[in-house]
Amino acid sequence: MGRDELLVAISATMADIQAAHDDRDRLLADRLGVGRTDLRCLDAIVRHGPQTAADLGRTLHLTRGSMTTLVDRLERQDLVERRPDPDHGRRKLVCPTAELIDRIAPLVGHLSDTAHAELTDYTDRQLAVVARFLDTTLARQRSIVDGLAIMEAPCDAAP
């Protein structure tokens, strides 16, 4: 396969991966009984640890009021809880509950081990190339999101 064909194949596979991730997220959200944005919030606190609602709002591109509503909804479902931040007296952290961990473990608990096993055949040099490609792809996607967010006008904005 020539370079041009490889570039087309990689681009097509990236689009297929994005669609598969979208399908997975839709099904996970359905299984957990949450919305897609709720699922992204849960993913953020499970993978990156407890965070303030403000930090989560920035990550999810949500207003303070929307984040409050989202966290309240997840709290009612016993998927998150607000805990005092040990490093800041008045601040609260949004934390995953044991209920959430118990519910997601059978759904996705094996994925990390599977991914690591699939990478064992690659050399360190090959892994570095893959990591660089993924970092560049992530940065490009975040740049696209930031650009779209800037273009998004508030509903009450004058024309």
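## Asp 38 and its contacts

In this predicted model, Asp 38 touches Leu 70, Arg 73 and Leu 74, leaving out residues up to four places away in sequence. Asp 38 sits in helix 2, which spans residues 36-48.

Is Asp 38 buried or exposed? Its relative accessibility is 5%. Buried means under 20%, so Asp 38 counts as buried.

## Leu 74

Leu 74 also has contacts beyond Asp 38. Neighbours within four places in sequence set aside, Leu 74 is in contact with Val 34, Asp 38, Cys 41, Leu 42, Leu 79 and Val 80. Leu 74 is also among the residues with the most contacts inside the largest nonpolar core.

## The largest nonpolar core

This core has 20 residues. Those with the most contacts inside it are Val 34, Cys 41, Leu 42, Leu 56, Met 67, Leu 74 and Val 80. Five helices each supply at least two core residues: helix 1 (3-32), helix 2, helix 3 (53-60), helix 4 (64-76) and helix 5 (98-108). Which element gives the largest share of this core? Helix 2 does, with 5 residues. Helix 2 is also the place of Asp 38.

## The strand pair

Strand 1 covers residues 80-85, and strand 2 covers residues 88-96. The two run antiparallel and are joined by 6 bridges. They form a hairpin, with 2 residues between the strands.

How values were computed. Residues are numbered from 1 along each chain as its sequence is written. This is a predicted model: local features need pLDDT of at least 70, side-chain atom pairs count only at pLDDT 80 or more; totals for chains, interfaces and linings use all residues. Side-chain values use heavy atoms; hydrogens and water are left out. Helices (H or I, at least four residues) and strands (E, at least two) are DSSP runs, numbered from the N terminus. Buried means under 20% relative accessible area, exposed over 50%, partly exposed in between (1.4 Å probe, protein chains only). Contact means heavy atoms within 4.5 Å. A nonpolar core is a set of buried Ala, Val, Leu, Ile, Met, Phe, Trp, Tyr and Cys residues joined through side-chain atoms within 4.5 Å. Two strands pair if DSSP finds at least two bridges between them.
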